[in-house]
Amino acid sequence: MEKVSVFGAGSWGTALSYVLAQNGHDLLLWTHRQEQADEINQHTNKRYLKEIQLPDSLKATSNLPQAVAHGNVFVLAVPTKAIREVCQDIKENLDRKVLFVHVSKGIEPDSLKRISEMIREEIPEQWIEDVVVLSGPSHAEEVVQEHPTTVTAACENTEAAIRIQDLFMNGYFRVYTNTDVIGVEIGGALKNIIALAVGITDGLGFGDNAKAAIMTRGLAEIARLGVKMGATPLTFSGLTGVGDLIVTCTSVHSRNWRAGNMLGKGKSLDEVLEEMGMVVEGIRTTKAAYQLSKAYDVPMPITAALYAVLFDNVSTDDAVGKLMGRMKKNEMEDLIDLL
Ligand SMILES: NC(=O)C1=CN([C@@H]2O[C@H](COP(=O)(O)OP(=O)(O)OC[C@H]3O[C@@H](n4cnc5c(N)ncnc54)[C@H](OP(=O)(O)O)[C@@H]3O)[C@@H](O)[C@H]2O)C=CC1
Ligand SMILES: O=C(CO)COP(=O)(O)O
(Lines give C-alpha, C1' and ligand atoms only; values in the text may rest on other atoms or scores of the structure.)
(Ligands and ions follow the chains in the order given, each with its own letter.)
Protein backbone atom coordinates (compact mmCIF):
# COMPACT_ATOMS: atom_id res chain seq x y z
CA MET A 1 0.00 0.00 0.00
CA GLU A 2 1.29 3.49 -0.88
CA LYS A 3 0.31 6.89 0.50
CA VAL A 4 -0.90 8.89 -2.52
CA SER A 5 -2.08 12.50 -2.91
CA VAL A 6 -4.02 13.40 -6.05
CA PHE A 7 -4.19 17.11 -6.97
CA GLY A 8 -7.23 18.08 -9.08
CA ALA A 9 -10.72 16.65 -8.71
CA GLY A 10 -12.12 17.01 -12.23
CA SER A 11 -13.10 13.97 -14.27
CA TRP A 12 -9.64 12.46 -14.54
CA GLY A 13 -8.34 13.16 -11.02
CA THR A 14 -11.53 11.66 -9.60
CA ALA A 15 -11.46 8.60 -11.89
CA LEU A 16 -7.81 7.88 -11.06
CA SER A 17 -8.58 8.33 -7.35
CA TYR A 18 -11.36 5.77 -7.79
CA VAL A 19 -8.80 3.28 -9.22
CA LEU A 20 -6.24 4.01 -6.49
CA ALA A 21 -8.81 3.75 -3.67
CA GLN A 22 -10.04 0.45 -5.09
CA ASN A 23 -6.45 -0.77 -5.24
CA GLY A 24 -6.26 -0.27 -1.47
CA HIS A 25 -3.89 2.71 -1.37
CA ASP A 26 -4.13 5.37 1.33
CA LEU A 27 -5.45 8.14 -0.87
CA LEU A 28 -6.22 11.83 -0.39
CA LEU A 29 -7.77 13.83 -3.25
CA TRP A 30 -7.20 17.59 -3.18
CA THR A 31 -9.61 20.05 -4.79
CA HIS A 32 -9.41 23.84 -4.60
CA ARG A 33 -13.15 24.00 -3.76
CA GLN A 34 -14.41 23.14 -0.26
CA GLU A 35 -17.94 22.32 -1.47
CA GLN A 36 -16.53 19.81 -3.93
CA ALA A 37 -14.43 18.17 -1.17
CA ASP A 38 -17.62 17.92 0.93
CA GLU A 39 -19.50 16.32 -1.98
CA ILE A 40 -16.71 13.80 -2.69
CA ASN A 41 -16.64 12.88 0.99
CA GLN A 42 -20.35 12.03 0.53
CA HIS A 43 -19.19 9.75 -2.35
CA THR A 44 -20.24 11.65 -5.49
CA ASN A 45 -18.73 14.23 -7.87
CA LYS A 46 -21.77 14.86 -10.07
CA ARG A 47 -20.47 17.79 -12.10
CA TYR A 48 -17.68 15.63 -13.49
CA LEU A 49 -18.84 12.01 -13.14
CA LYS A 50 -22.64 11.81 -13.12
CA GLU A 51 -24.30 8.84 -11.42
CA ILE A 52 -21.05 7.39 -10.08
CA GLN A 53 -20.81 6.22 -6.49
CA LEU A 54 -17.24 6.74 -5.26
CA PRO A 55 -15.58 4.23 -2.90
CA ASP A 56 -15.93 4.96 0.85
CA SER A 57 -12.13 4.97 1.15
CA LEU A 58 -11.82 7.87 -1.34
CA LYS A 59 -11.28 10.91 0.89
CA ALA A 60 -11.05 14.51 -0.30
CA THR A 61 -9.75 17.75 1.18
CA SER A 62 -9.48 21.37 0.11
CA ASN A 63 -6.56 21.87 2.49
CA LEU A 64 -3.45 21.88 0.30
CA PRO A 65 -0.86 21.61 3.12
CA GLN A 66 -2.75 18.52 4.37
CA ALA A 67 -2.60 16.94 0.89
CA VAL A 68 1.10 17.78 0.56
CA ALA A 69 1.84 16.25 3.98
CA HIS A 70 -0.06 13.06 3.09
CA GLY A 71 1.53 11.30 0.11
CA ASN A 72 4.82 9.81 -0.99
CA VAL A 73 3.44 9.80 -4.52
CA PHE A 74 1.79 12.96 -5.92
CA VAL A 75 -0.53 12.62 -8.92
CA LEU A 76 -1.04 15.97 -10.69
CA ALA A 77 -4.40 15.94 -12.50
CA VAL A 78 -5.18 19.59 -13.22
CA PRO A 79 -5.37 21.10 -16.73
CA THR A 80 -2.04 22.15 -18.26
CA LYS A 81 -2.68 25.83 -17.65
CA ALA A 82 -2.94 25.19 -13.87
CA ILE A 83 0.17 23.00 -13.54
CA ARG A 84 2.61 25.79 -12.64
CA GLU A 85 0.26 27.39 -10.09
CA VAL A 86 -0.44 24.07 -8.34
CA CYS A 87 3.29 23.17 -8.33
CA GLN A 88 4.12 26.55 -6.79
CA ASP A 89 1.57 25.95 -4.02
CA ILE A 90 2.90 22.43 -3.46
CA LYS A 91 6.48 23.73 -3.30
CA GLU A 92 5.59 26.14 -0.49
CA ASN A 93 4.60 23.19 1.69
CA LEU A 94 7.01 20.45 0.58
CA ASP A 95 9.81 19.28 2.87
CA ARG A 96 10.81 15.87 1.44
CA LYS A 97 11.35 13.95 -1.79
CA VAL A 98 8.22 12.62 -3.51
CA LEU A 99 7.55 10.77 -6.74
CA PHE A 100 5.55 13.00 -9.10
CA VAL A 101 3.12 11.53 -11.63
CA HIS A 102 1.38 13.77 -14.12
CA VAL A 103 -1.62 12.80 -16.18
CA SER A 104 -2.29 16.04 -18.07
CA LYS A 105 -2.18 16.30 -21.86
CA GLY A 106 -0.90 19.63 -23.10
CA ILE A 107 2.05 21.83 -24.03
CA GLU A 108 2.51 25.36 -22.70
CA PRO A 109 2.25 28.02 -25.44
CA ASP A 110 5.21 30.43 -25.78
CA SER A 111 7.56 28.54 -23.44
CA LEU A 112 6.81 25.37 -25.50
CA LYS A 113 7.45 23.28 -22.40
CA ARG A 114 6.11 19.79 -21.87
CA ILE A 115 4.44 19.17 -18.50
CA SER A 116 7.31 17.16 -17.01
CA GLU A 117 9.59 20.09 -17.87
CA MET A 118 7.22 22.56 -16.20
CA ILE A 119 7.16 20.43 -13.03
CA ARG A 120 10.96 20.29 -12.95
CA GLU A 121 11.11 24.07 -13.39
CA GLU A 122 8.71 24.74 -10.52
CA ILE A 123 9.69 22.13 -7.90
CA PRO A 124 13.27 22.21 -6.54
CA GLU A 125 15.24 19.16 -7.68
CA GLN A 126 15.92 18.15 -4.05
CA TRP A 127 12.18 17.36 -3.58
CA ILE A 128 11.74 15.35 -6.80
CA GLU A 129 12.32 11.61 -6.62
CA ASP A 130 11.35 11.45 -10.30
CA VAL A 131 8.58 12.49 -12.70
CA VAL A 132 6.44 9.81 -14.37
CA VAL A 133 3.89 10.49 -17.12
CA LEU A 134 0.71 8.40 -17.14
CA SER A 135 -1.02 8.62 -20.51
CA GLY A 136 -3.01 6.60 -23.03
CA PRO A 137 -6.52 5.98 -24.36
CA SER A 138 -8.58 6.40 -21.21
CA HIS A 139 -11.81 8.32 -20.84
CA ALA A 140 -12.66 8.88 -17.18
CA GLU A 141 -16.32 7.99 -17.79
CA GLU A 142 -15.35 4.47 -18.89
CA VAL A 143 -12.70 3.91 -16.22
CA VAL A 144 -15.23 4.46 -13.41
CA GLN A 145 -17.52 1.95 -15.10
CA GLU A 146 -14.56 -0.43 -14.84
CA HIS A 147 -14.40 -1.02 -18.58
CA PRO A 148 -11.04 -2.49 -19.64
CA THR A 149 -8.52 0.33 -20.16
CA THR A 150 -4.81 0.36 -21.05
CA VAL A 151 -2.34 3.17 -20.40
CA THR A 152 1.42 3.76 -20.26
CA ALA A 153 3.62 4.95 -17.39
CA ALA A 154 6.64 6.67 -18.92
CA CYS A 155 9.90 7.57 -17.22
CA GLU A 156 13.55 7.31 -18.17
CA ASN A 157 14.00 5.62 -14.80
CA THR A 158 12.33 2.23 -15.35
CA GLU A 159 12.08 1.51 -11.60
CA ALA A 160 9.95 4.62 -11.09
CA ALA A 161 7.74 3.68 -14.05
CA ILE A 162 7.27 0.16 -12.63
CA ARG A 163 6.33 1.59 -9.22
CA ILE A 164 3.55 3.61 -10.89
CA GLN A 165 2.55 0.59 -13.01
CA ASP A 166 2.12 -1.41 -9.77
CA LEU A 167 0.25 1.44 -8.10
CA PHE A 168 -2.51 1.69 -10.71
CA MET A 169 -2.69 -1.78 -12.26
CA ASN A 170 -5.79 -3.89 -11.58
CA GLY A 171 -8.24 -6.17 -13.39
CA TYR A 172 -9.74 -3.38 -15.54
CA PHE A 173 -6.82 -0.90 -15.60
CA ARG A 174 -3.71 -2.31 -17.31
CA VAL A 175 -0.52 -0.24 -17.28
CA TYR A 176 2.49 -0.68 -19.58
CA THR A 177 5.85 1.09 -19.15
CA ASN A 178 7.93 3.09 -21.62
CA THR A 179 11.14 5.11 -21.28
CA ASP A 180 10.26 7.60 -24.04
CA VAL A 181 8.93 10.54 -22.02
CA ILE A 182 9.09 13.00 -24.94
CA GLY A 183 7.14 10.70 -27.28
CA VAL A 184 4.50 9.92 -24.66
CA GLU A 185 3.97 13.59 -23.75
CA ILE A 186 3.92 14.79 -27.38
CA GLY A 187 1.52 12.04 -28.51
CA GLY A 188 -0.86 12.66 -25.59
CA ALA A 189 -0.91 16.43 -26.05
CA LEU A 190 -1.12 16.67 -29.84
CA LYS A 191 -3.81 14.05 -30.42
CA ASN A 192 -6.23 16.63 -28.93
CA ILE A 193 -5.55 18.91 -31.91
CA ILE A 194 -6.42 16.13 -34.32
CA ALA A 195 -9.59 15.29 -32.34
CA LEU A 196 -10.70 18.93 -32.64
CA ALA A 197 -10.08 18.77 -36.41
CA VAL A 198 -12.01 15.48 -36.75
CA GLY A 199 -14.85 17.00 -34.69
CA ILE A 200 -14.96 19.90 -37.15
CA THR A 201 -15.14 17.64 -40.22
CA ASP A 202 -17.86 15.57 -38.53
CA GLY A 203 -19.70 18.81 -37.67
CA LEU A 204 -19.43 19.93 -41.28
CA GLY A 205 -21.20 16.70 -42.26
CA PHE A 206 -18.25 14.96 -43.89
CA GLY A 207 -17.98 11.21 -43.56
CA ASP A 208 -15.56 8.54 -42.44
CA ASN A 209 -13.18 9.15 -45.37
CA ALA A 210 -12.40 12.61 -44.02
CA LYS A 211 -12.09 11.24 -40.47
CA ALA A 212 -9.59 8.56 -41.56
CA ALA A 213 -7.64 11.13 -43.58
CA ILE A 214 -7.28 13.58 -40.70
CA MET A 215 -6.39 10.84 -38.21
CA THR A 216 -3.75 9.25 -40.46
CA ARG A 217 -2.15 12.44 -41.71
CA GLY A 218 -2.53 13.91 -38.22
CA LEU A 219 -0.51 11.09 -36.71
CA ALA A 220 2.13 11.61 -39.42
CA GLU A 221 2.58 15.26 -38.44
CA ILE A 222 2.61 14.49 -34.70
CA ALA A 223 5.30 11.84 -35.23
CA ARG A 224 7.29 14.12 -37.52
CA LEU A 225 7.47 16.82 -34.85
CA GLY A 226 7.95 14.36 -31.98
CA VAL A 227 10.93 12.67 -33.64
CA LYS A 228 12.56 16.03 -34.34
CA MET A 229 12.14 16.81 -30.63
CA GLY A 230 13.88 13.56 -29.65
CA ALA A 231 11.04 11.01 -29.39
CA THR A 232 11.32 7.38 -30.47
CA PRO A 233 9.29 6.85 -33.68
CA LEU A 234 7.72 3.58 -32.45
CA THR A 235 6.07 5.34 -29.49
CA PHE A 236 3.60 6.92 -31.94
CA SER A 237 2.34 3.48 -32.95
CA GLY A 238 1.64 2.66 -29.28
CA LEU A 239 -1.09 3.41 -26.74
CA THR A 240 -0.08 7.03 -26.20
CA GLY A 241 0.15 7.64 -29.96
CA VAL A 242 -2.29 5.96 -32.29
CA GLY A 243 -4.20 4.43 -29.33
CA ASP A 244 -5.10 7.77 -27.76
CA LEU A 245 -5.67 9.28 -31.20
CA ILE A 246 -8.30 6.63 -31.96
CA VAL A 247 -10.17 7.04 -28.67
CA THR A 248 -10.16 10.84 -28.73
CA CYS A 249 -11.22 11.13 -32.38
CA THR A 250 -14.00 8.54 -32.16
CA SER A 251 -15.48 8.67 -28.64
CA VAL A 252 -18.55 10.67 -27.67
CA HIS A 253 -16.81 11.25 -24.33
CA SER A 254 -14.05 13.35 -25.89
CA ARG A 255 -14.35 17.03 -25.00
CA ASN A 256 -11.94 17.90 -27.81
CA TRP A 257 -14.01 16.04 -30.41
CA ARG A 258 -17.24 17.55 -29.05
CA ALA A 259 -15.78 21.07 -29.10
CA GLY A 260 -14.64 20.57 -32.71
CA ASN A 261 -18.04 19.20 -33.64
CA MET A 262 -19.75 22.35 -32.34
CA LEU A 263 -17.26 24.53 -34.23
CA GLY A 264 -17.99 22.55 -37.41
CA LYS A 265 -21.70 23.18 -36.86
CA GLY A 266 -21.04 26.91 -36.84
CA LYS A 267 -20.73 27.89 -33.17
CA SER A 268 -18.08 30.41 -32.17
CA LEU A 269 -15.13 29.39 -30.00
CA ASP A 270 -16.53 31.42 -27.07
CA GLU A 271 -19.93 29.72 -27.36
CA VAL A 272 -18.27 26.30 -27.46
CA LEU A 273 -16.12 26.94 -24.37
CA GLU A 274 -19.11 28.31 -22.47
CA GLU A 275 -21.13 25.18 -23.28
CA MET A 276 -18.36 22.66 -22.47
CA GLY A 277 -17.73 23.65 -18.82
CA MET A 278 -14.70 21.30 -18.79
CA VAL A 279 -11.19 21.68 -20.10
CA VAL A 280 -10.63 21.47 -23.89
CA GLU A 281 -6.85 21.08 -23.87
CA GLY A 282 -6.48 21.00 -27.67
CA ILE A 283 -7.21 24.71 -28.05
CA ARG A 284 -4.17 25.98 -26.13
CA THR A 285 -2.10 23.08 -27.44
CA THR A 286 -2.90 24.09 -31.04
CA LYS A 287 -1.17 27.40 -30.34
CA ALA A 288 1.83 25.63 -28.78
CA ALA A 289 2.10 23.02 -31.57
CA TYR A 290 1.86 25.71 -34.23
CA GLN A 291 4.75 27.52 -32.51
CA LEU A 292 6.68 24.23 -32.20
CA SER A 293 6.24 23.50 -35.90
CA LYS A 294 7.88 26.85 -36.66
CA ALA A 295 10.62 26.42 -34.04
CA TYR A 296 11.55 22.93 -35.33
CA ASP A 297 10.79 23.72 -38.98
CA VAL A 298 8.40 20.78 -39.31
CA PRO A 299 5.42 21.00 -41.70
CA MET A 300 2.17 20.47 -39.75
CA PRO A 301 -0.62 21.38 -42.18
CA ILE A 302 -3.57 20.14 -40.08
CA THR A 303 -2.31 21.99 -37.01
CA ALA A 304 -1.78 25.12 -39.13
CA ALA A 305 -5.31 24.84 -40.58
CA LEU A 306 -6.83 24.49 -37.11
CA TYR A 307 -4.72 27.38 -35.82
CA ALA A 308 -6.09 29.56 -38.64
CA VAL A 309 -9.69 28.60 -37.74
CA LEU A 310 -9.26 29.11 -34.00
CA PHE A 311 -7.09 32.21 -33.90
CA ASP A 312 -7.15 33.91 -37.31
CA ASN A 313 -10.89 33.86 -38.08
CA VAL A 314 -10.44 31.63 -41.13
CA SER A 315 -13.68 29.80 -41.97
CA THR A 316 -13.77 26.01 -41.64
CA ASP A 317 -14.69 25.75 -45.35
CA ASP A 318 -11.64 27.79 -46.35
CA ALA A 319 -9.40 25.71 -44.06
CA VAL A 320 -10.64 22.47 -45.66
CA GLY A 321 -10.15 23.95 -49.16
CA LYS A 322 -6.60 24.95 -48.29
CA LEU A 323 -5.73 21.49 -46.92
CA MET A 324 -7.15 19.69 -49.95
CA GLY A 325 -5.46 22.10 -52.35
CA ARG A 326 -1.93 21.62 -51.02
CA MET A 327 0.84 20.80 -53.47
CA LYS A 328 0.76 17.16 -54.61
CA LYS A 329 3.20 14.84 -52.84
CA ASN A 330 4.38 11.33 -52.19
CA GLU A 331 2.59 9.94 -49.14
CA MET A 332 5.87 8.87 -47.52
CA GLU A 333 8.04 11.88 -48.25
CA ASP A 334 7.62 13.61 -44.91
CA LEU A 335 7.91 10.31 -43.05
CA ILE A 336 11.32 9.33 -44.33
CA ASP A 337 12.99 11.10 -41.38
CA LEU A 338 11.22 8.72 -39.03
CA LEU A 339 12.92 5.61 -40.44
N1 LIG B 1 -11.12 13.37 -18.55
C2 LIG B 1 -10.41 12.38 -19.05
O3 LIG B 1 -10.96 11.33 -19.40
C4 LIG B 1 -8.93 12.49 -19.19
C5 LIG B 1 -8.26 13.69 -18.97
N6 LIG B 1 -6.90 13.75 -19.10
C7 LIG B 1 -6.19 14.99 -18.86
O8 LIG B 1 -6.26 15.29 -17.47
C9 LIG B 1 -6.14 16.71 -17.27
C10 LIG B 1 -7.29 17.17 -16.38
O11 LIG B 1 -8.46 16.95 -17.13
P12 LIG B 1 -9.89 16.66 -16.55
O13 LIG B 1 -9.86 16.11 -15.17
O14 LIG B 1 -10.58 15.86 -17.56
O15 LIG B 1 -10.46 18.14 -16.55
P16 LIG B 1 -11.84 18.68 -15.96
O17 LIG B 1 -12.20 19.86 -16.75
O18 LIG B 1 -12.79 17.54 -15.86
O19 LIG B 1 -11.43 19.11 -14.48
C20 LIG B 1 -10.39 20.00 -14.23
C21 LIG B 1 -10.23 20.11 -12.73
O22 LIG B 1 -9.09 20.91 -12.43
C23 LIG B 1 -9.50 21.92 -11.52
N24 LIG B 1 -8.70 23.13 -11.68
C25 LIG B 1 -8.64 23.97 -12.74
N26 LIG B 1 -7.77 24.96 -12.49
C27 LIG B 1 -7.27 24.74 -11.25
C28 LIG B 1 -6.34 25.41 -10.43
N29 LIG B 1 -5.72 26.52 -10.84
N30 LIG B 1 -6.10 24.91 -9.19
C31 LIG B 1 -6.71 23.80 -8.78
N32 LIG B 1 -7.60 23.10 -9.51
C33 LIG B 1 -7.86 23.57 -10.73
C34 LIG B 1 -10.96 22.18 -11.87
O35 LIG B 1 -11.61 22.84 -10.81
P36 LIG B 1 -13.08 23.50 -10.96
O37 LIG B 1 -14.04 22.36 -10.83
O38 LIG B 1 -13.15 24.47 -9.85
O39 LIG B 1 -13.13 24.15 -12.33
C40 LIG B 1 -11.43 20.75 -12.06
O41 LIG B 1 -11.65 20.12 -10.84
C42 LIG B 1 -6.18 17.33 -18.68
O43 LIG B 1 -4.89 17.66 -19.07
C44 LIG B 1 -6.74 16.21 -19.57
O45 LIG B 1 -6.25 16.28 -20.89
C46 LIG B 1 -6.16 12.65 -19.42
C47 LIG B 1 -6.78 11.44 -19.63
C48 LIG B 1 -8.19 11.27 -19.55
O1 LIG C 1 -7.30 12.14 -23.20
C2 LIG C 1 -8.43 11.69 -23.17
C3 LIG C 1 -8.73 10.28 -23.40
O4 LIG C 1 -7.57 9.49 -23.48
C5 LIG C 1 -9.55 12.63 -22.92
O6 LIG C 1 -9.79 13.35 -24.07
P7 LIG C 1 -10.70 14.68 -24.02
O8 LIG C 1 -9.96 15.68 -23.19
O9 LIG C 1 -10.88 15.07 -25.44
O10 LIG C 1 -12.01 14.28 -23.37
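## Annotated binding site

An unreviewed UniProt entry lists Ser11, Trp12, His32, Arg33, Tyr48, Lys105, Ala140, Arg255, Val279 and Glu281 under "binding site"; UniProt positions are given in the numbering used here, feature names are shortened, and annotations may be inferred rather than shown by experiment. These residues span 271 residues of sequence and are also spread in space, with up to 22.5 Å between C-alpha atoms. Tyrosine 48 is placed in the loop between helix 2 (34-41) and strand 3 (59-61); helices (H or I, at least four residues) and strands (E, at least two) are DSSP runs, numbered from the N terminus.

This is a predicted model, in which local features need pLDDT of at least 70 and side-chain atom pairs count only at pLDDT 80 or more, while totals for chains, interfaces and linings use all residues. Residues are numbered from 1 along each chain as its sequence is written, and chains are lettered from A and ligands numbered from 1 in the order in which they are written.

Ligand 1 has 27 residues around it, of which Gly10, Trp12, Ala82, Ser104 and Met278 come nearest (a residue is near a molecule if its C-beta atom, placed from the backbone, lies within 6 Å of it). At least two residues of this shell come from each of helix 1 (11-22) and helix 4 (83-93), and helix 1 gives the largest share, 3 residues.

The shell around ligand 1 comprises 12 nonpolar, 11 polar and 4 charged residues. Here Ala, Val, Leu, Ile, Met, Phe, Trp, Tyr, Cys and Pro count as nonpolar, Asp, Glu, Lys and Arg as charged, and the others, Gly among them, as polar. Ligand 1 lies between domain 1 (3-179) and domain 2 (182-338), because both give residues to its shell; the domain bounds come from an automatic or database domain assignment.

Of the 14 residues around ligand 2, the nearest are Ser138, Thr248, Ser254, Arg255 and Asn256. Helix 8 (181-203), helix 10 (239-250) and helix 11 (255-264) each contribute at least two residues to the shell, with the largest share, 3 residues, from helix 10.

By class, this shell has 3 nonpolar, 7 polar and 4 charged residues. Both domain 1 and domain 2 give residues to the shell around ligand 2, so ligand 2 lies between them.

## Packing of helix 8 and helix 14

Helix 8 packs with helix 14 (residues 301-311) at an angle of about 65 degrees, the axes being 10 Å apart. Axes are lines fitted to C-alpha atoms, for helices over the stretch in contact, and angles run from 0 to 180 degrees between N-to-C directions. The contact involves Ile193, Ile194, Leu196 and Ala197 of helix 8 and Ile302, Thr303 and Leu306 of helix 14 (C-beta atoms, placed from the backbone, within 7 Å). This contact has 6 nonpolar, 1 polar and no charged residues.

Terms used: Contact = placed C-beta atoms within 7 Å.
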